[in-house]
Amino acid sequence: MKLYYSPTSPYVRKVVVVALEAGLNDKIERVAKVVSPVARDELVAASNPLGKVPTLVTDDGQALYDSRVICEYLDSLAGNKLFPASGKPRWTALVRQALGDGLLDAALLVRYEGFLRPEDKRWSDWTGGQTTKMTASLAEIERQAPGFGDGLDIGLISIGCALGYLDFRYADMKWRDTYKATAAWAAKLLDRPSFKATVPA
């Protein structure tokens, strides 16, 4: 398999964490690419019309995107360990995945607004709205964190990658000072070998 990736993408991190947890990491060739909302890479776009990473090309040449699809595909190869098959556990894991991805989406949009958009075109109301989504997501994670336990599924991986992105790009937020239960849970999750091996730099 071939993975088009960026080493700082939190969505790529999610895919690689799943690959490591599934024992598939050594079966994936990595091809580093620089992409952004304003910089399209034609090699990536040839497989993914959205021009985004992560994009995975399977052994038989099928292109898969986005991270949610890729993660479920990799987990299916490993016997469906991270995506519960049915019932409440499945919906809980998928909603938590949406919560983690939603936190990431808002954090990335704030970063794009401040980093990519020219200063004279930045919109403070947009940044404020996305920041509200970030704090609301963190509050919900904090509410749920005492029930996360020591298990691992796609929802908890997604939340962990989102928190890791805050560490990487929003260190001044100091989210651990406010969200104590989340911090206690994340300390154990982020100490897993799969997370320690994928810290962005």
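Which residues in α4 meet which residues in α5? I opened this notebook with that point.

**Basis.** I worked from a predicted model, in which local features need pLDDT of at least 70 and side-chain atom pairs count only at pLDDT 80 or more, while totals for chains, interfaces and linings use all residues. Residues are numbered from 1 along each chain as its sequence is written, and side-chain values use heavy atoms, with hydrogens and water left out.

**Entry 1: helices α4 and α5.** I looked up the contacts (heavy atoms within 4.5 Å). From α4, Arg96, Leu99, Leu103, Ala106, Ala107, Leu109, Val110 and Glu113 meet Trp126, Thr127, Gln130, Thr131, Lys133, Met134, Ser137, Leu138, Glu140, Ile141 and Gln144 of α5. Helices (H or I, at least four residues) and strands (E, at least two) are DSSP runs, numbered from the N terminus. Helix α4 covers residues 87–115, and its axis lies 9 Å from that of α5, at an angle of about 150°. This makes α4 roughly antiparallel to α5 (angles over 145 degrees count as such). I took axes as lines fitted to C-alpha atoms, for helices over the stretch in contact, with angles running from 0 to 180 degrees between N-to-C directions.

**Entry 2: Gln144.** I found Gln144 in helix α5, which spans residues 124–144. Gln144 is buried, at 16% relative accessibility; buried means under 20% relative accessible area, exposed over 50%, and partly exposed in between (1.4 Å probe, protein chains only). Leaving aside neighbours within four places in sequence, Gln144 is in contact with Arg96 and Leu99.

**Entry 3: cysteines.** I searched the whole structure for disulfides (pairs of cysteine sulfur atoms within 2.5 Å) and found zero. Cys71 is in no disulfide, its nearest cysteine sulfur being that of Cys161, 8.0 Å away. That distance is too far for a bond. Cys71 is buried, at 0% relative accessible area, and Cys161 is also buried, at 1%.

**Entry 4: backbone.** I noted a cis peptide bond between Val53 and Pro54, with omega about 5°. Pro54 lies in the loop between α2 (42–47) and β3 (55–57). A cis bond also runs from Tyr65 to Asp66, with omega near 5°, and Asp66 sits in the loop between β4 (63–64) and α3 (67–77).

I then looked up positive phi values in residues other than glycine. Asn80 has phi near 55°; it lies in the loop between α3 and α4 and is partly exposed at 46% relative accessibility. Lys174 has phi near 50°, is placed in the loop between α6 (154–169) and α7 (175–178), and is exposed, with a relative accessible area of 56%.

Notes:
Parallel < 35°, antiparallel > 145°, perpendicular 65-115°, else oblique.
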